[in-house]
Amino acid sequence: MKFLFLLAANIKRKKIRTFLTLGSYFTAFLLFGLLSAIKSAFNQGVDVAGANRIVVGNKTSIIMPLPISYMEKFFELNGVKNVTYASWFGGYYKDPKNFFAQMAVDSYTYFDVYSEFKIEKNQFLDFMKDRQGCIVGKKTAEKYGFKIGDKIPIIASVWGGVWEFNLRAIYTGTKPEDDLTQFFFHASYLEERRPWGKGMVGWYIVEIEKPELAFSISREIDSIFSNSPYETKSDTEKAFALGFVKQIGNIELIILSIGAIVFLTLLLVTSNTMELSVRERSAEFAVLKTIGFSDSLLYFLTISESLFYSFMGGSLGILVAKLFTLKGDPTGGFLPVFYISMNQMVLGFLLIFVFGFLSGILPARRVYKLRIVEALGRI
Amino acid sequence: MVGVDGTGTKSSFLKARNLDKIYYRGEEEIHCLSGLNLDVEKGEFIAFMGPSGSGKTTLLNLLGGLDKPTRGTIFANGIEITSLSENMLAKWRSSNVGFVFQMYNLLPVLTAYQNVEIPLLLTSLSKKEREEHVLLAMELAKIVDRRNHYPSQLSGGQQQRVSIARAIVSSPLFLFCDEPTGDLDRKSGDEIMDLLRSLSKQLDITVLMVTHDPHAAEKSDTVLHLEKGILIEGKPLR
Ligand SMILES: Nc1ncnc2c1ncn2[C@@H]1O[C@H](COP(=O)(O)OP(=O)(O)OP(=O)(O)O)[C@@H](O)[C@H]1O
Ligand SMILES: [Mg+2]
């Protein structure tokens, strides 16, 4: 502790350099925070995915439908607790840029299976009573200023025309990663109004009693419908979500690798700065050694200095990123879940420590090995 | 008395025997010291003189435990410092030795006070006790009124006073000075020499000083000349 003023004095030595070093760490970890928010946005489906839910889709392609008649067969299976289904609607509100998912769901079962979505009882009853009713996630409702009772016109890209819905309920989530941007309405209404595709649904969600049964039940389902005109492909919801992620995975990879490169470059720069600053101070370290400072004490002090920079700059960066994500999705709909998880925060601070340590190690070694006679001779 | 022939009393305060120092520059061997002997009594003030490159700094570094001889032994106050490990040597320096350099070598980012305090950071003294020691040392070096100045705000002579305060703050037995007046004008140089001389007598510190300046050397008790790797006594000053 009593060595603190040595540290403080060094930090004041070259204000611009200190500022730039802190700035580098700040930028690097601001970037880290934002990238991890983007990453969790891409993976939100995976993180949220229940381990006790199996998604059953058409074997040929997820966009191909399955017959409604399959539902009963799923109920007959052992270990199945509940079954529901959903169909992709594919429309937009006013402008194609206003992107949020609309799904026609089996309103009797869907919200039992997705029990993480919380809906006020009265609102839900109103929704059930209105065949043109819809339920919208809190985020989307807030974003477009939807109020209960509002008429929401959705332009149907697939089915054509403008479909009007009445907002009857707004759902909230139970975890920060729950997707609060979706728009649900009665599958019966879709069935009634669409000119073709009747009797078909997009995919089924089978809720099972225990996650351990996921594999065997998936196998069983797929074998029942093999050799039928509509073969199925069943997977846990997690695996299903991963399949979705893979489709946008390349973009994610590009963003993340660019980020990683920038991140690493900034750290190389800070490490180099540290090295320079230590080299300039060779004579001073030699004097300290002359006075009796041991090699290991100076090693420790040099590492501390490096850690100081990484902690000051890095934690500020993470903090600012966190504050930024608290405001929610900055893209207006493409990243429905945009936040930095606790795990990512912990990882961030771990990285701050690791990089502070790493960028201090070479300079500290130099200080450790510095020979008094040679360093003083250089003055 | 000072001796350079290796026959000094067994108990001399600082004793060097058969010191060799060879530097290697690629293939080339530079025999800097060869078979040097020295005996110094406690409280003596010795000046080393000699042509440039004769090995004065080298000798001072060996005696002060900053470097190790190629061969030979050094005993300081009964401790054989040539056999100490790097770490033990650092510890020994911190409590036994003070150094004063030609270029003062103060830390530019610290105030005069903080510079003087540095050696005490290695002790277990409390902040209050450290303050007492620092102020006393600065008082003795007659620089206490400038304690809050940074080195860049001080003249050469004043900086050297700060560095002397730093050298004596942990009450060392030895003071090693490498051309302490080398960068000062005549007047400041004289003042620094008077200060070193009075500190040596007042605090009973054994001082070993390298100098080029015969005028400065006059203030010492004994002048020794380094030539061809050994010390020679009593060569008349010119
Ligand atoms: N680290 C080193 N490596 C190689 N040679 C060295 C080293 N240090 C000193 N020497 C050589 O040893 C000799 C003595 O050097 P030293 O610095 O001790 O001389 P000096 O008497 O202090 O000279 P000056 O009066 O110029 O300060 C010189 O020839 C020098 O080149
Ligand atoms: Mg020299």
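Visitor: Where does ligand 1 sit, and how do I read that spot?

Guide: Start with the pockets. Ligand 1 takes up the space of the second largest pocket. Keep in mind that this is a predicted model.

Visitor: Okay, how many residues surround ligand 1, and which are the closest?

Guide: The idea is to list residues with a heavy atom within 4 Å of the molecule. Here that gives 13 residues, and the closest are B:Ser52, B:Gly53, B:Lys56, B:Thr57 and B:Thr58.

Visitor: Which elements of chain B supply at least two residues of that shell?

Guide: Strand E1 (14-25) and helix H1 (56-63) of chain B each do. H1(B) gives the largest share, three residues.

Visitor: And what is the shell around ligand 1 like by class?

Guide: Sort the residues and you get seven polar, three charged and three nonpolar ones.

Visitor: How much of ligand 1 does the protein bury?

Guide: Compare the ligand alone with the ligand in place. Alone, ligand 1 exposes 630 Å², and the protein buries 69% of that.

Visitor: Now the chains. What is the secondary structure of chain A, and why is chain A called more spread out than a compact globule?

Guide: Chain A has 13 helices and 12 strands. Its radius of gyration is 29 Å, well over the 21 Å that the globule rule gives for 379 residues, so chain A is more spread out than a compact globule. Its C-alpha atoms fill a box of roughly 90 × 45 × 30 Å along the principal axes.

Visitor: What does the radius of gyration say for chain B?

Guide: Chain B has 18 Å, which agrees with the value near 18 Å for a compact globule of 238 residues. The C-alpha box is roughly 45 × 40 × 40 Å for chain B, and the chain has seven helices and 10 strands.

Note on methods
Residues are numbered from 1 along each chain as its sequence is written. Chains are lettered from A and ligands numbered from 1 in the order in which they are written. This is a predicted model: local features need pLDDT of at least 70, side-chain atom pairs count only at pLDDT 80 or more; totals for chains, interfaces and linings use all residues. Side-chain values use heavy atoms; hydrogens and water are left out. Accessible areas come from the Shrake-Rupley method with a 1.4 Å probe; for residues, only the protein chains shown count as cover. On a 1 Å grid over the protein atoms alone, a cavity is a set of points where a 1.4 Å probe fits but cannot get out, and a pocket is an open set with protein on both sides within 12 Å along at least five of seven lines; lining residues have an atom within 4 Å of a point. A molecule sits in a cavity or pocket if more than half of its atoms lie within 2 Å of its grid points. Helices (H or I, at least four residues) and strands (E, at least two) are DSSP runs, numbered from the N terminus. Ala, Val, Leu, Ile, Met, Phe, Trp, Tyr, Cys and Pro count as nonpolar, Asp, Glu, Lys and Arg as charged, and the others, Gly among them, as polar. The radius of gyration is taken over C-alpha atoms; the globule rule is 2.2 Å times the number of residues to the power 0.38.
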